[in-house]
Amino acid sequence: MTVSENIISTYKASGKLMLFGEYLVLNGSDCLAFPLKFGQTLSVTPSDEIIWESYSKHGSWFSAAMSNDFAILTTNNQEVAEILRQLFLVIRAEKPDLDFNQRFRAEANFELNWGLGSSSTLISLLSQWSGVESKKLLEASFGGSGYDVACATAAGPILYANGEVKKEVEIPDSITNKLLFVYSGNKQNSREEIKRFKDRNVTQDQVDAMNTMISNALKTDKIDVFEQQLDHAEELISSVIGTIKLKQRFFAGYPYSIKSLGAWGGDFFLATYRDLETAKRYFEEKGYDVLFTYQEFIK
């Protein structure tokens, strides 16, 4: 007997970027983060077995079939399949009556190497489908502060700390109209960065300093004051993790602020500007041709 395939449930999750609070959020500081217009959707259709298919803009990149006790029967990526299996085990422990005989189809509308949250959107999508709290799924898989999973269902920018969204925030047009997001060309492994950071000694003064910078940034409608907070935050994190600032390494001649986003060394960074075309031309001439304005990128 074939299960009808006309019953489809669909879930959506937004990608993420963190502007302020990277690394220190793991020690209880606030962070200011953005949900993105890019993300993943999950379609779930009743099936005779457990089938998972993941697609990017370039087509299928992951597939797996599992038995009802989550033994991996076939897959093209054993590592990803094992993570999915662990997540299913957590869900079954929490929701023993849930029917896993489904065809799951996940579709990302962004390049997976951009670092916009393929893992966090997966956690959110499975949480939405199963009803299991996303924190439980995160702890059993990727770890981290959880800000990225919070962004997955946020309507706009959030202030986040200690596992909770403190509030949604608004940033004035006078600032957002001067923000450009640039892809660095490198994919950073957030899990490895978290492990490396845990060996660092972080003081309460450093956490307090980050919170003050975020507060000051959210109070102003002037781009130059906002840039001061970006620069202070970059200086602080540079000293905490012992890494040279991005602007100092690659963009010393750029006249405005450049801020690393999330795990340093990869993915996107932020550049402020006064004239958009001039800023785009500067980065494109250096080989950085994946660029988004705030309005194109942020939810």
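This is a predicted model: local features need pLDDT of at least 70, side-chain atom pairs count only at pLDDT 80 or more; totals for chains, interfaces and linings use all residues.
Residues are numbered from 1 along each chain as its sequence is written, and side-chain values use heavy atoms, without hydrogens or water. Local features need pLDDT of at least 70, side-chain atom pairs count only at pLDDT 80 or more, and totals for chains, interfaces and linings use all residues.

View 1. Strands are DSSP runs of E, at least two residues, numbered from the N terminus. In a regular strand, side chains alternate between the two sheet faces.

**View 2. Strand partners of β6**. Two strands pair if DSSP finds at least two bridges between them. Strand β2 (residues 31-46) pairs with β6 in the antiparallel sense, over seven bridges. Here Pro46 stands opposite Gln102. Strand β3 (residues 50-56) runs parallel to β6, over five bridges. Arg103 is the bridge partner of Ile51.

**View 3. Lining of the second largest pocket**. A pocket is an open set of points on a 1 Å grid over the protein atoms alone, where a 1.4 Å probe fits, with protein on both sides within 12 Å along at least five of seven lines; lining residues have an atom within 4 Å of a point. The lining counts 18 residues; Ser134, Lys135, Leu138, Gly146 and Tyr160 lie nearest the centre. The largest share, four residues, comes from α3.
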